[in-house]
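Good morning, and thank you for coming. Please keep the structure in view while I speak.

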Amino acid sequence: MNIVCIAWGSLLWKPQGLKLASGWHPGGPAMPIEFARQSDDSPELALVLCDSARLMPTYWAYVATHDLDTARAMLCAREKIRPAFPEWVGSVPAQNGAEDHPRVAAWLRAKGIDAAIWTAIPPKFDGVSGRVPTVDEAVAWLDSCSGAQRAAAEDYIRRTPAHIDTSYRRIIAARLGWHPLREAHVTQMR
């Protein structure tokens, strides 16, 4: 089974424990993503799937395993997802009787790829899982950061590829001056 990981955020420049068998390729399935999660263990406002968000381009890379459970476990470890939240890793084919994600399933068929995994951690703001901040709340929180926390939050937003041009990103750039970096910071294709 050939398996890919679909990504749009820090996995692109920091795959860490996710073992890849290729570099990242543009042209993944469009996904509804936005800067809508205060991370539990890092100071950024992370890009996550958000039903109300516009569809954005993604990247994909082959994972260095042919076993879907192993691929899911690697992504869980990289994202520090606790065992109580297996649904925070999306996959096609889906696990535990969940429905397949139709957009990803269609993309896989078109590419001739057997399976995909992706991070499906929900939005979170002010400690409330599932809560999407308003753009004003997101900007105010980012602007309230200082020192190393602010530098890390800015770095995350600026490193995200420029063509992932979300609504919040445009306003963050206008209000805070955090524009995308000119250089690509995606692990190069091999």
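Let me begin with a definition: helices (H or I, at least four residues) and strands (E, at least two) are DSSP runs, numbered from the N terminus. The model is predicted, so local features need a pLDDT of at least 70 and side-chain atom pairs count only at pLDDT 80 or more, while totals for chains, interfaces and linings use all residues. Residues are numbered from 1 along each chain as its sequence is written, and side-chain values use heavy atoms, with hydrogens and water left out.

First, the whole chain. The protein chain holds 5 helices and 8 strands. Read from the N terminus, the order of its elements is β-β-β-β-α-β-α-β-β-β-α-α-α. The radius of gyration, taken over C-alpha atoms, is 16 Å, close to the 16 Å that the globule rule gives for 190 residues, so the chain is as compact as a globular protein of that length. That rule is 2.2 Å times the number of residues to the power 0.38. Along the principal axes, the C-alpha trace spans about 45 × 35 × 25 Å.

How much of the chain counts as buried? Buried means under 20% relative accessible area, exposed over 50%, and partly exposed in between, with a 1.4 Å probe and protein chains only. By that definition, 49% of the 190 residues are buried. Contact, in turn, means heavy atoms within 4.5 Å. Among contacts between residues at least 6 apart in sequence, 71% join residues at least 24 apart.

Now to helix H2, residues 102-111. Here Val-104, Ala-105, Trp-107 and Leu-108 are buried. Why do they lie on the same side of H2? They cover an arc of only 165° around the axis, the arc being that of the directions from the helix axis to the C-beta atoms. On the other side of H2, Pro-102, Arg-109 and Ala-110 are exposed. The cover over the buried residues of H2 includes strands S1 (3-7), S2 (25-38), S4 (55-62), S5 (89-92) and S6 (115-119). Just after H2 comes Gly-112, with a positive phi of about 70°.

Cys-145 sits in the loop between H3 and H4. Is Cys-145 buried or exposed? Its relative accessible area is 4%, so Cys-145 is buried. Lys-80 lies in the loop between helix H1 (68-79) and S5. With a relative accessible area of 59%, Lys-80 is exposed.

Thank you for your attention.
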